[in-house]
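I opened a new notebook page for this model.

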Amino acid sequence: MREGRALLVDDATLIAPKVLAVLYPAMDGRRVITIPGYRNERVDAVDGFYVIAGHNPGVHGAILTEALASRFDVHIEVTTDWDLARHLGVPAPAVQAAIALNADLAAGRLSWAPQLRELLGFARVRKTLGLPAAVANLAGRAPEDDREAVTAALRQHFGSEITALTLGKQR
């Protein structure tokens, strides 16, 4: 704020309300914050300061309130770049399954679908443990309510039976 540079707030919808209450005045035209935990120090923003925030809609507990949303003049939706996923080594069947699952997510038939983060994890697991383990792991990353649909999509695109990774019977 003092140097007139941007402040990036990641996962802004998961920040404690008490912390956001300190940040709000910097974002709503007053352009000032008071730091209660540091002798109530006042920090004034200089020209060039602005706040950029990211959030992941649909994450449990992550709600973009009107109070937070109204403090941003520009809202940009960033979706998964499927071509980038392919370029970064994610196998085509995984990308195709993710595209199909994201269409179901957009239509409200699912509450979860793999995004770039999960696809990159898939590629790392495939490299380390092999394709069957990577597919099974991706199926297991789906929430229980969506796991059957995710498994069906993976089965359709990979052409094999899929079971989420489990530890089996314990002795």
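**Entry 1: ground rules and a glycine.** I began with how elements are named: helices (H or I, at least four residues) and strands (E, at least two) are DSSP runs, numbered from the N terminus. Just after α1, I found G29 with a positive phi of about 105°. I noted that this is a predicted model, where local features need pLDDT of at least 70, side-chain atom pairs count only at pLDDT 80 or more, and totals for chains, interfaces and linings use all residues. Residues are numbered from 1 along each chain as its sequence is written, and side-chain values use heavy atoms, with hydrogens and water left out.

**Entry 2: other positive phi values.** Most residues other than glycine have a negative phi. D11 sits in the loop between β1 and α1. I also looked up R31, again not a glycine, with a positive phi of about 55°. R31 sits in the loop between α1 and β2. For exposure I used relative accessible area: buried is under 20%, exposed is over 50%, and partly exposed is in between (1.4 Å probe, protein chains only). D11 counts as partly exposed because its relative accessibility is 28%. R31 is partly exposed at 28% relative accessibility.

**Entry 3: helix α1.** Which residues of helix α1 are buried? In this helix (residues 17-27), I listed L20, L23, Y24, P25, A26 and M27. Next I checked what they pack against, with contact meaning heavy atoms within 4.5 Å. The partners are β1 (6-9), β2 (32-35), β4 (50-53) and α2 (66-69).

**Entry 4: T13.** I went back to the loop between β1 and α1, where T13 is found. T13 is buried, because its relative accessible area is 10%. Not counting residues up to four places away in sequence, T13 touches H55, G61, A62, I63, L64 and L68.

**Entry 5: α5 against α6.** At what angle do α5 and α6 pack? Helix α5 (residues 116-129) and helix α6 (residues 131-141) pack at about 145°, with axes 7 Å apart. Here axes are lines fitted to C-alpha atoms, for helices over the stretch in contact, and angles run from 0 to 180 degrees between N-to-C directions. From α5, I noted E118, G121, F122, V125, R126 and L129. They meet L131, A133, A134, V135, N137, L138 and R141 in α6. The contact residues divide into eight nonpolar, two polar and three charged. In this count, Ala, Val, Leu, Ile, Met, Phe, Trp, Tyr, Cys and Pro are nonpolar, Asp, Glu, Lys and Arg are charged, and the others, Gly among them, are polar.

Entry 6: V125 is buried, because its relative accessibility is 19%. Leaving out residues up to four places away in sequence, V125 touches G130, A133, A134 and N137. I also compared V125 with L23: they are 102 residues apart along the chain, and their C-alpha atoms are separated by 39 Å.

Then I turned to E118. A salt bridge is a side-chain nitrogen of Lys or Arg within 4 Å of a carboxyl oxygen of Asp or Glu. For charge, Lys and Arg count as positive and Asp and Glu as negative; His and the chain ends are not counted. E118 is buried yet has no salt bridge. Its nearest side chain of opposite charge, R117, is 4.1 Å away. With residues up to four places away in sequence left out, E118 touches W112, L138 and R141.

**Entry 7: salt bridges.** How many salt bridges does the structure hold? I noted nine. One joins E3 and R5, with the closest N and O atoms 3.0 Å apart. Both E3 and R5 are exposed. Another joins D83 and R86, at 2.9 Å between the closest N and O atoms. D83 and R86 are three residues apart in helix α3 (residues 82-87), so about one helical turn separates them. D83 is exposed at 58% relative accessible area, and R86 is partly exposed at 33%.

R147 and E144 also meet in a salt bridge (3.0 Å, N to O). They are three residues apart in helix α7 (residues 144-158), so about one helical turn separates them too. R147 is partly exposed at 22% relative accessibility, whereas E144 is exposed at 60%.
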